[in-house]
Amino acid sequence: MQKRDGKSTGSKGETPAEIMACTCANFRRVARVVTQSYDAALRPVKLKATQFTLLGTLSLAGEVPITRLAALMVMDRTTLTRNLQPLVRRGLVEVEQGQGSDQRVHKVRLTDDGRALFEEAKPLWRTVQNRFSEGFGPERWNGLLGDLKDVISMAKQP
């Protein structure tokens, strides 16, 4: 559809500029390029950014039920289980089936090898982290982190 000024619109009148301003599309684009930066930095220790984040979360949380870990990671259980599998195969993470009255509760924890690899990977992660935090400066960086928390809250609303 063409407007009088020659700019095309979508079926409901959206301009291409409005479509390109889509929140989802822009966050996905940013997520891809940021993830690629961290993946490249972590390549020497054979970790992906998502795996590093899992190891870091487990380092802080200790042994945790898989459902709680999924909530901490803002991830569904199925995706989390799929992301844990390579770490389990490498002996970096253990998943223990529940005991006693509720055997459905699986607990996840870092192994000693997982903790050691996480420590080895931190300086590699830090180089990329510093590039972003220093590039923005402290005030903008803290503001961005706050804004991202707000986006998560808004996205969780029905």
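This is a predicted model: local features need pLDDT of at least 70, side-chain atom pairs count only at pLDDT 80 or more; totals for chains, interfaces and linings use all residues.
Reader: How many residues line the largest pocket, and which lie nearest its centre?
Author: The lining is made up of 38 residues, and those lying nearest the centre are Val34, Thr35, Thr53, Leu148 and Ile152.

Reader: Which helices supply at least two residues of that lining?
Author: Those helices are α2 (23-42), α3 (49-61), α4 (66-73), α5 (77-89), α6 (112-136) and α7 (138-156), and the largest share, 10 residues, comes from α2.

Reader: And how do the lining residues divide into nonpolar, polar and charged?
Author: Of the residues in the lining, 26 are nonpolar, eight are polar and four are charged.

Reader: Switching to the strands, in what order do they form the sheet?
Author: The order is β1-β3-β2 in an open sheet of three strands, with antiparallel pairing. The edge strands, each of which pairs on one side only, are β1 (64-65) and β2 (93-96).

Reader: How many bridges join β1 to β3?
Author: Two bridges join β1 to β3, which covers residues 107-110, and these two strands run antiparallel; within β3, valine 108 is the bridge partner of valine 64.

Reader: Which strands does α5 lie across, and at what angle does it run to β2?
Author: Helix α5, one of the helices that supply residues to the pocket lining, lies across β2 and β3 and runs at about 115 degrees to β2.

Technical notes:
Residues are numbered from 1 along each chain as its sequence is written. Side-chain values use heavy atoms; hydrogens and water are left out. On a 1 Å grid over the protein atoms alone, a cavity is a set of points where a 1.4 Å probe fits but cannot get out, and a pocket is an open set with protein on both sides within 12 Å along at least five of seven lines; lining residues have an atom within 4 Å of a point. Helices (H or I, at least four residues) and strands (E, at least two) are DSSP runs, numbered from the N terminus. Ala, Val, Leu, Ile, Met, Phe, Trp, Tyr, Cys and Pro count as nonpolar, Asp, Glu, Lys and Arg as charged, and the others, Gly among them, as polar. Two strands pair if DSSP finds at least two bridges between them. Contact means heavy atoms within 4.5 Å. Axes are lines fitted to C-alpha atoms, for helices over the stretch in contact, and angles run from 0 to 180 degrees between N-to-C directions.
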